[in-house]
Amino acid sequence: MASSTNSAFRVRFAPSPTGYLHVGGARTALYCYLLARHMGGAFVLRIEDTDEERSTEESMRMQIADLEWLGLRWDEGPHPQTLKDLGPHGPYRQSQRKHLYQDYAQRLIKSGHAFYCFMTDEELEQQRKQAEASGQAQQILSPYRDRALSEAQARLARGEKAAIRFKVNPVKRDYVLNDLVRGEVVFPSDMVGDFVLIRSSGMPVYNFCCVIDDVLMQISHVYRAEEHLSNTLRQMMIYEALGAKLPQFGHLSIILGPDKQKLSKRHGATSCNEYRLNGYLPQAINNFIAMLGWSSPKGQEIMSMAEMTEQISLDRFNSSPAVFDDQKLKWVNASHLRALPDDELWTLIQPFLESAGIKVPSDTGWRHRALELMKPYMSTLADSVELFKPLARGSFQVLPEAQETLAWESSRAVVGKWMEIIQGHPKAHLSEEEFNAAQEQVKSSCQVKGKFLFMPIRVAVLGKPHGAELKILVPLLDKSELVARAQTVLNGMA
RNA sequence: GUCCCCUUCGUCUAGAGGCCUAGGACAACUCCCUUUCACGGAGUAGACACGAGUUCGAAUCUCGUAGGGGACGCCA
């Protein structure tokens, strides 16, 4: 990991606060964070809340909380708790930077790169329809682009509203972008019409804010989603008009659902928050989404944040879209989960057990043994609920899958004998050895062995013929509970 | 419609002209471990979208076709 500071390497993550943080956004943020740490540069969080209709303070807080949960700390941006600006390039919320955009828009008007446009919605709609009908490119060509500035100022003085549009040079030429993930991309300049910089409401538009902020915040590398690729042409034009240096761009592929369509709500969980609620670990989410479009040069699959930070580089990103595979995510999560120290794992499991109303003994020895036993069965924290249920009092039930075992001729006798032995046991708990001895007793008394011995006892303890090792499980349950369970099974067999 | 991007096993990917009879991982299947299941271990099966070209040689370079995605907003 590069430890020296590199003030020339500056990246930003710029979400718009309209809901929870999406896994796609999380991946962009992760790459930026990792790259910043690796290069010893700065990671900036900027809130793109210029869409007044959809942006909410609530969403911003949620996204900040999600980034915090993932452990993607930013060096500059809103403070995670107080939301106060952190860093020398603030404010970091675009809604608080309007004066800057206005300022730059005025400069562009003065330099002849922008103009006031008084087109109405109806006129715009009409132009669009005409273009559509004629099969031509649907670019806006504003009739106001070459009017005298004094004329516009007069109308403005009368209280009329106008948008500020960028004046695209009518002489066609190619703009060449050297994308960090896609290589050379060529855009013909007539791909776009005179696009809006500032809405008539005075609120600037994404493509404009983005450029102004990246320039002012001295962003050197812009990693963002592929859907912004064609926006880059507009942004290149603005950079050019401003005489500003272009940052390096890297357009990351999108993340798809199992049906190869862009990942969305109908595919199930897509927000980081949902994954948190479903018992996924932040380090697992990070690890998994990192591999959607990037791969370790060592071919490593399970990686810590430190390892990813060490191995990340500008140039290993994949340009083709990736399908989000829940199965593999589960495996990654399970791997990270099993690597967790027991104390830590227990702390994480606690809320899941609590909300499911599962009460288990509080002594650490018991917890330690229980965890060691259950770990191999757990792939998410939420799995602990089903796993620990059999260890809780009063939750016992015989599951349908136990019927086959119970139907064996000898099963009734085995369960009966088992109950009898436990009932007569002098202590409240059986040790592993005592359990083995009890099992031996049943064996000789009932004259059965193998699965005919083992499975019915398992059902009498767990209510099902599968699960963790009995010799560890049984000592975790107290005698009265074991008896009650055997009795329940016996009753059910009558 | 116009422009831009993408295309290696079911999925994530390795692969930068000969190291590729294409490697790894998840999932599947088989076996081992285990008096169950899981964990772990060993295997099996499974892909260069298609067609031309360049080259002694192409998954890798070029062009075309097909399919998928994106942009064309006073959304981001």
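Which element gives the most residues to the lining of the largest pocket? In this predicted model, that element is α1, with 4 residues.

Local features here need pLDDT of at least 70 and side-chain atom pairs count only at pLDDT 80 or more, while totals for chains, interfaces and linings use all residues. Residues are numbered from 1 along each chain as its sequence is written, chains are lettered from A and ligands numbered from 1 in the order in which they are written, and side-chain values use heavy atoms, with hydrogens and water left out.

**Pockets**

A pocket is an open set of points, on a 1 Å grid over the protein atoms alone, where a 1.4 Å probe fits, with protein on both sides within 12 Å along at least five of seven lines; lining residues have an atom within 4 Å of a point. A volume is the space filled by probe spheres set on the points, which are joined across faces, edges and corners.

The largest pocket holds about 1000 Å³ of space. Its lining has 35 residues, and A14, P15, S16, E227 and H228 are the closest to its centre. Two or more lining residues come from each of β1 (10-13), α1 (23-39), α6 (206-216) and β10 (221-225). Such helices (H or I, at least four residues) and strands (E, at least two) are DSSP runs, numbered from the N terminus. Domain 1 (10-78 + 255-323) and domain 2 (97-252) each give at least three residues to this lining; the bounds come from an automatic or database domain assignment.

The second largest pocket holds about 470 Å³. Among its 22 lining residues, L124, R128, A163, R165 and V196 lie nearest the centre. Both α4 (121-134) and β6 (163-166) give two or more residues to that lining, and α4 has the largest share, 3 residues.

**RNA strand B**

A residue is near the strand if one of its heavy atoms lies within 4 Å of it. By that criterion 63 residues surround RNA strand B, with T50, D51, R182, R199 and Y377 the closest.

| Side chain | Atom of RNA strand B | Distance |
|---|---|---|
| T50 | phosphate oxygen | 2.4 Å |
| N318 | phosphate oxygen | 3.4 Å |
| Q327 | sugar or linking oxygen | 3.4 Å |

How values were computed. Polar contact = N/O pair within 3.5 Å; in protein donor to acceptor, adjacent residues only side chain to side chain.
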